[in-house]
Amino acid sequence: MDRMYRQSSGRPQVAVVGAGIAGLTLAAALVQAGLSCSLFEQAALLGEVGAGIQLAPNATRILHRLGLERRLRAVATRPEALEMRRWDDGTLLRRTPLGARCEELFGAPYYTVHRADLHRQLLEALPSGIVHLDRRVERVEQRQNGVVIDFTDGFGVMSDVVVGTDGIHSVVRELVATDQPRFSRQSIYRALIPAERVPATLLDEPRVVLWLGPGQHCVCYPVSQASRMSFGATVPITEWTSESWSTLGSVLDLAARYRGWHDDVVTLTSAPDSVSRWALHDRDILGRWSQDRVTVAGDAAHPMLPFLAQGANQAIEDAVVLARCLATATPQTVPTALRRYERIRLPRTDKVHQISRNNTIALHLPDGPEQRDRDRSLAVNADLQSQNWLYGYDAEYDLEPGPAPGETPGNRRPPQGGQTRAHSTDHALPHAYDGAASPRCHELEREP
Ligand SMILES: Cc1cc2nc3c(=O)[nH]c(=O)nc-3n(C[C@H](O)[C@H](O)[C@H](O)COP(=O)(O)OP(=O)(O)OC[C@H]3O[C@@H](n4cnc5c(N)ncnc54)[C@H](O)[C@@H]3O)c2cc1C
């Protein structure tokens, strides 16, 4: 078996498993921090599913600092607002301004982007020779002098530290946790629709629109310079019969599940030529992510339901914190650096993970008194400033030593002379879709 990628320089050599958003961002952050890394990906070709993704300022400021600002501004759309509407008549429940207001408040934009575009930009920003394709990790084993990765093809490497960014089915997570993915009884249809098939009312201004209804919701936003609309439509299901966690769905079934909804939703859900369909899963919220020289990041660490649109954004926060913790480590002090990383990250991702779960209920309330309470609280908390705890958070300031009195990871002081602002979360409701949960809904979530 080959053994390579081990260096005896004074700085730790990092092996990263999985070239999704977490792995690619981590590689970019490690390179920027002057560390040497190798990224191993099972796929023979890198690509991403045909769907969009929302990138919030808590992540875009990090991507910009990694040198991606020009590239991202070229391929991403900057939505002007996030709207939440009623499922049947489209009544506007909340409109949160994004666009310039977001940059003014948080010093970074809100983007919607085609996943393939994001992947390409991250990949192109990396020096060549870092990403190794067609390398499926079978096993990771701690040894006294490093960590050994065995690949399914018999190839093997040794490294000072191994980071699993290998997604919700992570092989690396098996070293730090024994839990299994849990089916959430939710499935989501996703597709990209050419702009010419999208209702004109949704094209007059780039924005994220959500329709909330009993048991399910639909979201759409423009990508690819507004030439296409990305949409996701959830449906409750009792079981997932396919062996795969994603499969092709039926446009007819989707349209049937959204019959009777607002005209715009009916048009959107009937418009695609094909749709992909995903079974949504959750996993335990862990108290530890690391064991000695092995750790996890992104979905491998905190695979959250997509009901706060934060899974990838949190993965990007993980990446920069982990890279900075490792940057000051030696091969001998790697375990301490990994403990510091998880100490910084766990409180933040726990909260976001939990709200994502709670939103399964909050987004899907049947019409009635609780739904009316939720809708009232949505209207009250429409201002973007109420999202400071989420969007104003700057992961890199958590790396600074010595919090000021009264500071917590969620309300760090703003940087000296910096652009971002962080504020108390005390009276903030989570961002609607991005957190429609009212306190009442949190209570509901805890009921058996
Ligand atoms: C419907 C939906 C909508 C979402 N919308 C948003 C959104 O708007 N905003 C947001 O922030 N998040 C969103 N998310 C969440 C987001 O997609 C994920 O959190 C994010 O993609 C996770 O990235 P990752 O790199 O951690 O994992 P993954 O994307 O799963 O990447 C893991 C990589 O590891 C590779 N790999 C796996 N096993 C091995 C192995 N054994 N050996 C080598 N390689 C391996 C895989 O091939 C893959 O390339 C959404 C999720 C869903 C399902």
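**Sheets, core and ligand shell of the predicted model**

Strand β9 (residues 146–151) is joined to strand β10 (residues 156–159) by 4 bridges, and the two run antiparallel. Strands are DSSP runs of E of at least two residues and helices are runs of H or I of at least four, both numbered from the N terminus; two strands count as paired if DSSP finds at least two bridges between them. The model is predicted, with local features requiring pLDDT of at least 70 and side-chain atom pairs counted only at pLDDT 80 or more, whereas totals for chains, interfaces and linings use all residues. Residue numbers start from 1 along each chain as its sequence is written.

A parallel arrangement is found in an open sheet of 5 strands, ordered β7-β2-β1-β11-β18. Its edge strands, each pairing on one side only, are β7 (131–132) and β18 (294–296). Strand β1 (residues 14–17) is linked to β2 (residues 37–40) by 4 bridges, with C37 of β2 as the bridge partner of V14. Helix α1 (residues 21–32) lies across β1, β2 and β11 (161–164) and runs at about 170° to β2. Such angles, from 0 to 180 degrees, are taken between N-to-C directions of lines fitted to C-alpha atoms, for helices over the stretch in contact; contact requires C-beta atoms, placed from the backbone, within 7 Å.

The largest nonpolar core has 123 residues, of which L26, V162, V163, A297, A319 and L322 touch the most other members. A core of this kind joins buried Ala, Val, Leu, Ile, Met, Phe, Trp, Tyr and Cys residues through C-beta atoms within 7 Å, buried meaning that 20 or more other C-beta atoms lie within 10 Å of the residue's own. Helix α7 (residues 311–327) gives the most to this core, with 10 residues. Leaving aside residues up to four places away in sequence, A319 touches A22, T25, L26, A29 and A297.

Around the ligand are 32 residues, and G18, G20, G167, G298 and G311 come nearest; the criterion is a backbone-placed C-beta atom within 6 Å of the molecule. Two or more residues each are given to this shell by α1, β3 (52–55), β12 (182–194) and α7, with α7 giving the most, 4 residues.

Key. Two residues are in contact if their C-beta atoms, placed from the backbone, lie within 7 Å. A residue is buried if 20 or more other C-beta atoms lie within 10 Å of its own, exposed if 12 or fewer, and partly exposed in between; C-beta atoms are placed from the backbone.
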